[in-house]
Amino acid sequence: MNPKKNILLTFKWIFICVLIGIFSGSASAFFLVSLEWVTQFRESYNWIIWLLPMGGLSIGLIYHYLGKEVVKGNNLLLEEYENPQKSIPLKMAPMVLIGTLITHFFGGSAGREGTAVQMGGAIADQFTGLFKLDASDRKTLIILGISAGFASIFGTPLAGALFALEILYFSKINFKSSILSFLAAYVAYFTVDFWQVKHTHYNIPVVPDITINTLAWVILAGVLFGLTSMLFSRTTHFWGRLFSKMISYAPLRPFVGGIILVVAVFFIGTTKYIGLGIPTIVDAFSTPNDWYDFLLKILFTGFTLGAGFKGGEVTPLFYIGATLGSALSLFVPLPIAFLAGLGFVAVFSGATHTPIACTIMGMELFGIESGVYIGITCLIAYFSSGSIGIYHSQIVKGAKYRLYERFKRKDLNDF
C-alpha cells in the first residue's frame, strides 16, 4: 500500500473513532442523566415499586415482539466478534436504554455498564455498511463500541479501552485495534465531560505499607472476592435457566419475577438492595456493612437479571465487592476503605475474567498508590473465580483456562 493510501486509511479510522466516541459518549451522558432522574423519582415515591411486575411485563413484551434478535445483549456483541454473521441492529441501543430505565424506575436490581456497552456496540457496528468494511474491520468496530461505552459510563478511559481488548481475548487483537480502542475511549470520556455529566468518586485515604502480613491478608481477601464472583455468576445463570425452563412465554418471566421481587422488598422492609445502590457503595468506604449485605445483593441482582429485566452487572459487582470488603474490615486488620476498594474491583475482575482492566480501573478510581495491592487482589480473584463468568459467550483462554482444563482432566487417583 502506498503512503497516500496509508494516510487516508489512518484518517478514516481516526474519523470513525471520533464519531463512535461522540455518539457513544453522548448516549451514555443521556443515559446517566436519565438514570439519575428515575432513581430519584423512585426513592421519592417508593410506592412505584409495587408496579415492578408491570414494568417487567412491558420489557418482556418489547423484546419478545420487537427485539428477539438483540435480546442476548452483551453476549451478542461477543458472539459477533468471535464469529461475524450480520450487523447488529441499531435498535439495540434504544431498546436496552428503555429497558434499563424501566428496570430502575420500578426498582429492579441491575447495573448500567451493559446498557452503555450495548449502545456503544450497536452504534459502532452501523459504520460497517456506511464505510463498506470487511469482517476483520467489523471486529475492530465492536471493540471500539465496547471501549467507548465502558469508558464513558464509568469515567475510566484507560480501563474502558483495556476492558474491550481483554474481554475479547488479547491474543486475537491486532495493534490497530489496540490503538483505536484507546482513542475511542478517550473521545467518549471527554464527550461525557463536555455534557457536564459527573461520575461518582471514591477514595482510599490510607494505603498500608507492603509487609508479609499485609500481603497475606490481601491474598486471602482476593480468594474470598474470587469465590464471591463465582457465586454471583452462577447465581445469575441459574435464575436465567430456571425462568426459561419454568415459563415458556418470555414476557411473563419478568412479570412473575417482578411480583416475587416486590414481595421480597416488602418483607425485608428496605430498598437497600434494589437499583444501582451507589449510596451504599459510597458508605461502604467509611462504615462497616453487615455480613449479609453482599449476599442479598447477589440474590436480588441475579434474580432481577435472570428474570429478564435489563441493565448491567458491573455496578452490582462493585456493590457486592465493596460491601464484602467493608464487612471484612471487622475481622481483617486493614483499613475499611482499603478493603472496600479492593473488593470493588476484584469481584468485578473475577466475574468478567479481566484482571488487567480492573487493575487499571482501580488505579484510575483510587489512585496509583494502591496499585500493587489492587493488581494482586484482582489477579487472585481472577484465578479463584472459576471458569464461568457473567458473559456465557465469552471465550476464556490463557493460563486460567489451561489450569482449569488440566484440573478437569486430571484423574482423581493421581491425588
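Colleague: Is K132 buried or exposed?

Modeller: A quick note before that: this is a predicted model, where local features need pLDDT of at least 70, side-chain atom pairs count only at pLDDT 80 or more, and totals for chains, interfaces and linings use all residues. Residues are numbered from 1 along each chain as its sequence is written, and side-chain values use heavy atoms, with hydrogens and water left out. Now, buried means under 20% relative accessible area, exposed over 50%, and partly exposed in between (1.4 Å probe, protein chains only). K132 has a relative accessible area of 75%, so K132 is exposed.

Colleague: Where does H353 sit, and what is its phi?

Modeller: Helices here are DSSP runs of H or I with at least four residues, numbered from the N terminus. H353 lies in the loop between α15 (336-352) and α16 (355-366). Most residues other than glycine have a negative phi. H353 is not glycine, yet its phi is positive, near 60°.

Colleague: What is the distance between the end C-alpha atoms of α17?

Modeller: The expected span is 1.5 Å times one less than the number of residues. Helix α17 (residues 371-384) has 14 residues, so it should span 20 Å. The value in the model agrees with that: 20 Å.

Colleague: Which cysteine has the sulfur nearest to that of C358?

Modeller: A disulfide is a pair of cysteine sulfur atoms within 2.5 Å, and a search of the whole structure finds zero of them. C358 is in no disulfide, as the nearest cysteine sulfur is 5.2 Å away and belongs to C378.

Technical notes: Helix = DSSP H or I, 4+ residues; strand = E, 2+ residues; numbered from the N terminus.
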